[in-house]
Amino acid sequence: MVLGEGQILSQVKHCYQSGQKFNGTGRVLNQLLKQAIGAGKRVRTETSIGTGAVSISSAAVELAQMKAGDLAPLKTTIVGAGKMSVLLVKHLISKGNREIILMNRTMQKAIDLANQFPDANIKVVPVEEMMQSIADSDITFTSTSSVEPILDRSKLESVLDPTRKLMLIDISVPRNVSADANELDNVTAFDVDDLKSVVEQNQESRRQMAMEAEGLLEEESDSFEVWLRSLDTVATINSLRDKVEAIRTQELEKALSRLGNEFGGKQQAVIEALTKGIVNKILHEPMVQLRSQRDIEVRKQAMDTLSVLFNLGEEQAQV
């Protein structure tokens, strides 16, 4: 549902690791998943598809950063402890914000949320302390299930220092913050409608990045198809390599026996490497051409020709 969502790539990676752990994936599926994960990482590295808020919670934090700048030194209050608040905490932490006060009508739910982020040092307070906590904060996010506003001008005016600026970001539907809160000179309030534009802009940006990603994925897909088609050449290639290697070893032993003791271990190692290098270079191009041949009939003819020319034997070369 969200273009470039990194969590999906993480889930595929976890699935692949589980498959390997329990021997649930064979050669082809292993290669497919391995290449898919690599393709996902490549897209996220070579494009900007993973940047920009695409959820209300992430957009709320992004908006706060756009308006307030560095969030790290700011004091933040979150009213509510539902799923949206979990994401708020996650995104605030990613922006370096470490002074977070959390409250909820059911205090245990707020405690459970805070325990999910043990390194963040989140302070949980009773909901009865909401107004004082908001008055001491730079930013307040509201995300509760209340059907009536829990904050309005009169409540805020009674507790706020008129010289202290407060940003209110309400991500609840219906609204937790009354529209008249913006009438206070030291209060700037935003709601879901303000956040939708941020999300839509980033979604459009991601759609543009997706077009770039498709080109990269086509390359990776073609690469996998070439590998998959090459599987039917494995038996022939292995037989050819084994036959040539046997000839190399046999001829090398003959040559070394004729040389007697004139050559020590170091010289023999050099000759060994030389003969291996010659064999590898001779076989490299035919093997590459055989693996990359897209036409099945042409590829089969080539394998049959190799089998006949090198006398590989029908059983050896059979796919």
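Q: Which residue in E2 does threonine 76 stand opposite?
A: Threonine 76 stands opposite isoleucine 100 in E2. Keep in mind that this is a predicted model.

Q: How do E1 and E2 pair, then, and over how many bridges?
A: Strand E1, residues 75-79, pairs with E2 in the parallel sense. The pairing runs over 5 bridges.

Q: What sheet do the strands form, and in what order?
A: An open sheet of 6 strands. The order is E3-E2-E1-E4-E5-E6, and the pairing is parallel.

Q: Which strands stand at the edges?
A: Strand E3 (123-124) and strand E6 (187-190). Each has a single partner strand, so one side of each is left without a neighbour in the sheet.

Q: New topic: the largest nonpolar core. Which of its residues touch the most other members?
A: Ile78, Ile122, Phe141 and Ile169 do. That core has 30 residues.

Q: Which helices and strands each supply at least two residues of this core?
A: The helices are H3 (56-68), H4 (83-94), H5 (107-115) and H8 (192-230). The strands are E2 (99-103), E4 (139-142) and E5 (166-170).

Q: Where does the largest share come from?
A: From H3, which gives 5 residues.

Q: Back to isoleucine 78. What does it touch?
A: Leaving aside residues up to four places away in sequence, isoleucine 78 touches Ser85, Leu88, Val89, Leu92, Ile100, Ile101, Leu102, Met103 and Phe141.

Q: Let's switch to serine 143. Where does it lie?
A: Serine 143 is in the loop between E4 and helix H7 (153-159).

Q: Is serine 143 buried or exposed?
A: Buried. Its relative accessible area is 11%, and buried means under 20%.

Q: What does serine 143 touch?
A: Its contacts are Val79, Gly80, Ala81, Met84, Ser85, Ile171, Ser172 and Asn176. Again, residues up to four places away in sequence are not counted.

Q: Last one: helices H9 and H10. At what angle do their axes cross?
A: Roughly 160 degrees. The axes of H9 (residues 234-259) and H10 (residues 265-292) come within 11 Å.

Q: Which residues make the contact?
A: From H9, they include Ile237, Leu240 and Val244. From H10, they include Gln268, Ile271 and Glu272.

Note on methods. Residues are numbered from 1 along each chain as its sequence is written. This is a predicted model: local features need pLDDT of at least 70, side-chain atom pairs count only at pLDDT 80 or more; totals for chains, interfaces and linings use all residues. Side-chain values use heavy atoms; hydrogens and water are left out. A nonpolar core is a set of buried Ala, Val, Leu, Ile, Met, Phe, Trp, Tyr and Cys residues joined through side-chain atoms within 4.5 Å. Buried means under 20% relative accessible area, exposed over 50%, partly exposed in between (1.4 Å probe, protein chains only). Helices (H or I, at least four residues) and strands (E, at least two) are DSSP runs, numbered from the N terminus. Contact means heavy atoms within 4.5 Å. Two strands pair if DSSP finds at least two bridges between them. Axes are lines fitted to C-alpha atoms, for helices over the stretch in contact, and angles run from 0 to 180 degrees between N-to-C directions.
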